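Student: Can we go through this model together? I'd like to take it piece by piece.

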Amino acid sequence: MNILVTNDDGISSPGLMALAEAMSNIGEVCVLAPDKDWSGRGHVKTLNEPLRIYETKLESGFKAFASNGAPSDCVALGLLGYFSHDFGIVVSGINPAPNLGHDVTYSGTVTAAMEAAIWGVPGIAYSLDSSEKNYHVIDYQSAAIVAEIITNNVLTSGLPRGVLLNVNIPMGIIKGIQITHQGMRVYRDQLEERYDPRGNPYYWIGGDAPTGIPEEGTDIGALDMGFVSLTPLQLDLTSYEMINKLKNWQQDYNFPIHELETRTNGRS
Ligand code: MN
């Protein structure tokens, strides 16, 4: 079984090393990760720049490959044939901070797993609920064990096409695992205006780290109670509820099809 391991914190992140080690208990591991920190840069497909790959080593001596591309680029490179063999699964992480609620749209960790789902390969994102800013002092060992157990289960049971798993692991004692849905993040971002040495303004999105509403059944609620949160996500972002509302809107408010046709056709 070939396992592709990536992350969004960069090739030198200790969380990546912990995940690669855990995965090597399951199968043949290929590490292909960004050469820099891509945290919070969402789902990227690099179109207008060359992608480079170079061989390197993790701190543990484990053979690895780094790329100038995003986490999702790394997954695409791996799944489209860079290693000349197929992969049974893609795992991403271990991110040192949690990816909860709407975070999944920003997260490089999660979007790497999304890229796997696009190519029809099971993808899992692993994140640790740490607030520690220094990645190198975090203990990833429990999270690595959780990753090994969950990855093994996914390899046995598979995932439906277009589905990925977002796993968040609490620090300290783990009480168990909860299957969850996305909770409500509370972002505390603040726009900061600063000035460069030439007197021109630039902007920084600052503020405190997000909090969240620890509602039962959600990812945030599970972590709050000391459980691993396992959230199945899907690439289909359609609001099915809204489809029916919009259809009614068309009927009830007499959507002006006639106007749409005459105004758009009149343009040619
Ligand atoms: Mn990260």
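Student: Is Glu241 buried or exposed?

Tutor: Glu241 counts as exposed, at 58% relative accessibility. Buried means under 20% relative accessible area, exposed over 50%, and partly exposed in between, with a 1.4 Å probe and protein chains only. One caution before we go on: this is a predicted model, where local features need pLDDT of at least 70 and side-chain atom pairs count only at pLDDT 80 or more, while totals for chains, interfaces and linings use all residues. Residues are numbered from 1 along each chain as its sequence is written, and side-chain values use heavy atoms, with hydrogens and water left out.

Student: Which residue forms a salt bridge with Glu241?

Tutor: Lys245 does, with the closest N and O atoms 3.4 Å apart. A salt bridge here is a side-chain nitrogen of Lys or Arg within 4 Å of a carboxyl oxygen of Asp or Glu. Lys245 is partly exposed, with a relative accessible area of 47%.

Student: Where do Glu241 and Lys245 lie?

Tutor: Both lie in helix α7, residues 240-252. They are four residues apart, about one turn of the helix. Helices (H or I, at least four residues) and strands (E, at least two) are DSSP runs, numbered from the N terminus.

Student: How many salt bridges does the rule give?

Tutor: The count comes to four. Among them is Asp103 with Arg185, at 2.8 Å between the closest N and O atoms. Asp103 lies in helix α3 (residues 103-106) and Arg185 in strand β9 (residues 184-195), so this pair ties together parts that are 82 residues apart in sequence.

Student: Are Asp103 and Arg185 buried or exposed?

Tutor: Asp103 is buried, with a relative accessible area of 8%. Arg185 is buried as well, at 12%. Another salt bridge joins the side chains of Arg194 and Glu192, 2.8 Å from N to O. There, Arg194 is partly exposed at 37%, and Glu192 is partly exposed at 30%.

Student: Switching to the metal. What coordinates the manganese ion?

Tutor: Asp8 (OD), Asp9 (OD), Ser39 (OG) and Asn95 (OD1) do, at 2.1 to 2.3 Å. Donors are N, O and S atoms within 2.8 Å of the metal (3.2 Å for Na, K and Ca); water is not among the atoms, so sites may look incomplete. Along the chain, the donors of the manganese ion follow the spacing D-D-x29-S-x55-N.

Student: What does the pair Asp8 and Asn95 tie together?

Tutor: Parts that are 87 residues apart in sequence, because Asp8 lies in the loop between β1 (2-6) and α1, and Asn95 in strand β5 (residues 89-95). Asp8 is buried at 2% relative accessibility. Asn95 is buried too, with a relative accessible area of 7%.

Student: Which residues of α2 are buried?

Tutor: In helix α2 (residues 71-82), the buried ones include Pro71, Cys74, Val75 and Leu79. What covers the buried residues of α2 includes β1, β2 (28-34), β4 (63-67), β5 and α4 (108-118).

Student: Now the core. How many residues has the largest nonpolar core?

Tutor: It has 36 residues, and those with the most contacts inside it are Val5, Met23 and Tyr126. Helix α1 (residues 14-23) gives the most to this core, with seven residues. Apart from it lies another core of 13 residues, among them Leu4, Cys74, Ala116 and Val121. A nonpolar core is a set of buried Ala, Val, Leu, Ile, Met, Phe, Trp, Tyr and Cys residues joined through side-chain atoms within 4.5 Å.

Student: What is Met23 in contact with?

Tutor: Leaving aside neighbours within four places in sequence, Met23 is in contact with Ile3, Val5, Val29, Val91, Ala147, Glu148 and Thr151. Contact means heavy atoms within 4.5 Å.
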